[in-house]
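Hi,

Here is the structure I promised to send over. Have a look at it first, and then read on for what I found in it.

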Amino acid sequence: MPDLVSIVIPAFNSAGCLAKCLDSCRAQTHGNLQVILVENGSADATLEIASGYQSRLPLEIIRLPENRGFAVAANIGLNAAKGKYVLILNSDAELDPDFIGAGLEGFSKNAHCGVVGGTIYDCDAGGRRSSVQLNGQLL
């Protein structure tokens with residue numbers, strides 16, 4: 001079985017973007033995932049949208065009674081992570097289907113590698129990539 005990868009998603013008032021984020025997690029070619037959504041006291045439908053994915057994704061939801069900030073939510077999710085590898089993912093991000101597989105390949109190519117990253121794109125209203133924000137590199 002491939003190594004378990006934990007994806008930690010801190011989410012606050014993310015109803016407008018969360019479905020695309022979770023769909024991109026679901027579409028990953030790497031099949032051994034633990035997805036942890038830390039619901040950070042949202043006032044919108046974030047929790048309801050996330051709950052709808054629990055039957056389609058290995059998703060655990062940790063609900064916080066109030067917004068404790070991104071860093072606290074990420075750390076709470078990290079404490080629940082069981083994977084050999086962990087990805088902290090913004091709730092408005094969408095992953096290419098082989099994002100995790102490509103990252104794991106980076107680790108396998110270099111035993112001293114501790115962090116991998118990806119390329120971040122801006123997208124236009126139609127979802128087309130319009131510009132590169134950061135060119136991720138193997139560190």
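Predicted model: local features only at pLDDT ≥ 70, side-chain atom pairs only at ≥ 80, totals over all residues.

Residues are numbered from 1 along each chain as its sequence is written, and side-chain values use heavy atoms, with hydrogens and water left out.

Ala27 sits in the loop between α1 and β2 (33-40). With a relative accessibility of 43%, Ala27 counts as partly exposed (buried is under 20% relative accessible area, exposed is over 50%, partly exposed is in between; 1.4 Å probe, protein chains only). Ala27 and Pro97 are 70 residues apart along the chain, yet their C-alpha atoms are separated by 5.5 Å.

Ser24 belongs to helix α1 (residues 18-26) and is buried, at 8% relative accessibility. Leaving out residues up to four places away in sequence, Ser24 touches Ala93, Glu94 and Leu95 (contact means heavy atoms within 4.5 Å). A polar atom of the Ser24 side chain lies 3.0 Å from the backbone nitrogen of Leu95.

Now the overall layout. The protein chain has four helices and six strands, in the order β-α-β-α-β-α-β-α-β-β along the sequence. Of its 139 residues, 34% are buried. Among contacts with a separation of 6 or more, 68% are between residues 24 or more positions apart.

Strand β1 (residues 5-11) and β4 run parallel and are joined by four bridges (two strands pair if DSSP finds at least two bridges between them). Ile7 stands opposite Leu87 in β4. In a regular strand the side chains alternate between the two faces of the sheet. Here, Tyr85 and Leu87 form the covered face of β4, and Val86 and Ile88 the uncovered one. Ile88 is partly exposed, at 37% relative accessibility.

What makes up the nonpolar surface patch? Phe70, Leu78, Val86 and Ile88 do, over about 310 Å². The elements giving two or more residues to this patch are α3 (70-80) and β4 (85-88). For the rule: patches are made of residues with over 30% relative accessible area and no salt bridge, with like charges joined within 9 Å and nonpolar side chains (Val, Leu, Ile, Met, Phe, Trp, Tyr) within 5 Å. Accessible areas come from the Shrake-Rupley method with a 1.4 Å probe, and for residues only the protein chains shown count as cover.

Last, the charged pairs. A salt bridge here is a side-chain nitrogen of Lys or Arg within 4 Å of a carboxyl oxygen of Asp or Glu, and the count comes to two. One joins the side chains of Asp3 and Lys84 (3.8 Å, N to O). That pair links distant parts of the chain, with Asp3 in the segment before β1 and Lys84 in the loop between α3 and β4, 81 residues apart. Asp3 is partly exposed at 35%, whereas Lys84 is exposed at 58%.

Glu105 forms a salt bridge with Lys109, their closest N and O atoms being 3.1 Å apart. These two residues are separated by about one helical turn because they are four residues apart in helix α4 (residues 99-109).

Cheers

Notes:
Polar contact = N/O pair within 3.5 Å; in protein donor to acceptor, adjacent residues only side chain to side chain.
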